Amino acid sequence: MTETFKEEGQLPDLILNGVGSAGGGSYDQVLIDGVGKVVDSLTARLFKANGQIRVQGGLEAGEMEVSGIMNLEGSLKTGRMKLEGLLHIDGSFKGESCALNGLVTVRGDCELEELRGEGGFTVEGLLSVGLADIRLNGAWQVREIGAESLKVRRVNQRMWNRLIGGIIPKLKSELKTKSIEGDHLDLEYTTADVVRGNDVIIGEGCSIGLVEYRSGLSVHPGARVGKEVKTGD
């Protein structure tokens, strides 16, 4: 472990290379390369990790980049995050943006201004997002979704399956949730009890119990919708 102190009044850096552990606290930069464990919660301007990481607490970071496998035994609050790999969060997840190429599990609620990328996403609570552009390359399971704009597509899984190898089981690429509410909703391969929105597109592979729309509705011939209701003027 290396702690590099800067000018008086500035926060130190935390650097872990190889196999090691360190205590929590407040840092300017946290840089982990290898197998690292942090005992207690962390606060950092920049959190960058490559390898296998465990944080025994929560994490608050202005900017975050993870490549590998990370387990967070608390909540995550971040500005911009880029993930390539697997991330497990025992608490809630709140952030400005998430660029995803992997799998995320959130035990609590998830609140993001922007979510883009491909992989799989499990949120045991509510997913609240401003703009979401999702490319299904694994199972998405969310209790409820609230979004200003939500676009869901399925992409070619051949490359993804080569990348994940035997790390995780091959799961059906679809989004499953109880309800989706938003302004602009453009869905494919989505299963939901209720979808409510202004402009709604129910695309290929969807199975929806009830669709409520205010302005426009388009339903793919291959989709299944139990009931359609136009609301408002």
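A salt bridge is a side-chain nitrogen of Lys or Arg within 4 Å of a carboxyl oxygen of Asp or Glu. With that in hand, a search of the whole structure, which is a predicted model, turns up 11 salt bridges. The general idea is simple enough: side chains of opposite charge can pair when their charged atoms come close.

Take Arg-107 and Glu-124, whose closest N and O atoms are 2.2 Å apart. Arg-107 sits in the loop between strand S5 (93–106) and strand S6 (110–154), while Glu-124 belongs to strand S6, so this pair ties together parts that are 17 residues apart in sequence. Arg-107 counts as partly exposed, at 39% relative accessibility, and Glu-124 is partly exposed at 39% too.

Next up are Glu-188 and Arg-153, which form a salt bridge with their closest N and O atoms 3.5 Å apart. Here Glu-188 lies in the loop between strand S7 (175–187) and strand S8 (190–202), and Arg-153 is in strand S6, so the link joins parts 35 residues apart in sequence. Glu-188 is buried at 18% relative accessibility, whereas Arg-153, at 22%, is partly exposed.

Arg-135 and Glu-118 meet at 3.6 Å, N to O, with Arg-135 partly exposed at 35% relative accessibility. Glu-114, Arg-116 and Asp-133 are linked in a network of salt bridges.

What about the cysteines? The count of disulfides comes to zero. For Cys-110, the nearest cysteine sulfur is that of Cys-98, 7.5 Å away, and a disulfide needs the two sulfurs within 2.5 Å. Cys-110 is buried, at 1% relative accessibility, and Cys-206 is buried at 3%.

How values were computed
Residues numbered from 1 in each chain as written. Predicted model: local features only at pLDDT ≥ 70, side-chain atom pairs only at ≥ 80, totals over all residues. Heavy atoms only, no water. Buried < 20%, exposed > 50% of the residue type's maximum accessible area, 1.4 Å probe, protein only. Helix = DSSP H or I, 4+ residues; strand = E, 2+ residues; numbered from the N terminus.
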